[in-house]
Structure formats: C-alpha cells, structure tokens
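Got your viewer open and the chain loaded? Let's walk through it stop by stop, selecting as we go.

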Amino acid sequence: MTQARDLLSNTVRAAGAIAEGRCVTFGGAQVSAQGDKILGVARADAEAGKLLAVTVIGTAIVESGAQIAVGDSLICDNQGRAMPSTGALAVAAGATPVTSGAANGAAVLEGADLPEFIFADALQAAAGPGQRIEVLLRR
C-alpha cells in the first residue's frame, strides 16, 4: 500500500508548472537538473504563480524516473522524478601534493553540498519510470 506520512510541509508559490509527486527546489520550481538540491516533494499539481504544499519531512509519494529497489538512496532526475543515486563522486586533485601521514585513510568531505543531493530512501520498489512509490525524506 502506498501512503504518505507528512510530518512537516511548507507552502511555496510555484515558479512554473509542477506535477504532483515531483521534486521541488527552494525557489519553488520543479527540479530540472539531475541531482539538484530540493526543498521537498509536491503534494499536488500546481500552475505557475499558485500556492503549493510541499512535503519537507516525513514520507512522501514520488514519481519514479527509473527502476528503484527498496532501500536505494534517491536523487532527482532532470524532470523532478526519483532515481537511484549514481554514486559518482569525483574530487578534483589539487596542485599541492599531500605528504601528511594523517591524509591516508577514510576521506571526509565537508563544507559544501555534494554533486548529487540525496533527498530520500526508497520504501517501495519501482519497476521503471512513471510509478508512484513511498520514500522516506532525508534532512
């Protein structure tokens, strides 16, 4: 059974057309770039300029943009749909060689947003694009 448990929602003015179950940016637009940082998930369709409730904390129903397995870490595709994280993280090499023994070991990245904003974990599986599944939103 697909359900949603909205613990916190925020109302935004839609910056453009937004479809229910799609990821919404902090600027009130439907996500248009894969891996974008989001405010939450649209609870209904909205036209530009209309007020829209966005689920920020809790579980939400999202539209899948790819095959998803239960437990997958999710990012948004370029249409605001959920898809598994690609897991790709490239860290550019600097011009200064690292010679410290303390530099060896587990890498810790801090101080900025990662290239892909993981917004949720899948609570249900999707066989492919266009399915509605429940996800646990991350904050």
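Start on the outside: select L7, L8 and I57, which make up a nonpolar surface patch with about 290 Å² of accessible area together. A patch here takes residues with over 30% relative accessible area and no salt bridge, joining like charges within 9 Å and nonpolar side chains (Val, Leu, Ile, Met, Phe, Trp, Tyr) within 5 Å. A salt bridge, in turn, is a side-chain nitrogen of Lys or Arg within 4 Å of a carboxyl oxygen of Asp or Glu. Areas come from the Shrake-Rupley method with a 1.4 Å probe, and for residues only the protein chains shown count as cover.

Before you click on, a word on what you're looking at: this is a predicted model, where local features need pLDDT of at least 70, side-chain atom pairs count only at pLDDT 80 or more, and totals for chains, interfaces and linings use all residues. Numbering runs from 1 along each chain as its sequence is written, and side-chain values use heavy atoms, with hydrogens and water left out.

Stay on L8 for a moment. It sits in strand β1 (residues 6–13) and is partly exposed, at 41% relative accessible area. (Buried means under 20%, exposed over 50%, partly exposed in between, with a 1.4 Å probe and protein chains only.)

Now switch to cartoon view. You'll find eight strands and zero helices; these are DSSP runs numbered from the N terminus, with helices (H or I) of at least four residues and strands (E) of at least two. Of the 139 residues in the chain, 37% count as buried.

Next, the cysteines. How many disulfides does a search of the whole structure find? One, taking a disulfide as a pair of cysteine sulfur atoms within 2.5 Å. Select C23 and C76: their sulfur atoms are 2.3 Å apart. C23 lies in strand β2 (residues 23–24) and C76 in strand β5, so the pair ties together distant parts of the chain, 53 residues apart. The link is left-handed, with -85° about the S-S bond. Both C23 and C76 are buried.

From C76, look across to A82 in β6, which stands opposite. β5 and β6 pair antiparallel over three bridges (strands pair if DSSP finds at least two bridges between them). The two form a hairpin with five residues between them, and G80 in the turn has a positive phi of about 85°.

Zoom in on G80, in the loop between β5 (73–76) and β6 (82–84). Is G80 buried or exposed? It counts as buried, at 0% relative accessibility. Show its contacts (heavy atoms within 4.5 Å): leaving out residues up to four places away in sequence, G80 touches G21, R22, C23, Q30 and V31.

Pick L74 and you'll see A120 of β7 opposite; two bridges join β5 to β7 (residues 120–122), running antiparallel. A120 also stands opposite L137 in β8, where three bridges join β7 and β8, again antiparallel. Finish with I61, opposite E134 in β8: five bridges connect β4 (residues 51–63) to β8 (residues 132–137), and these strands run antiparallel.
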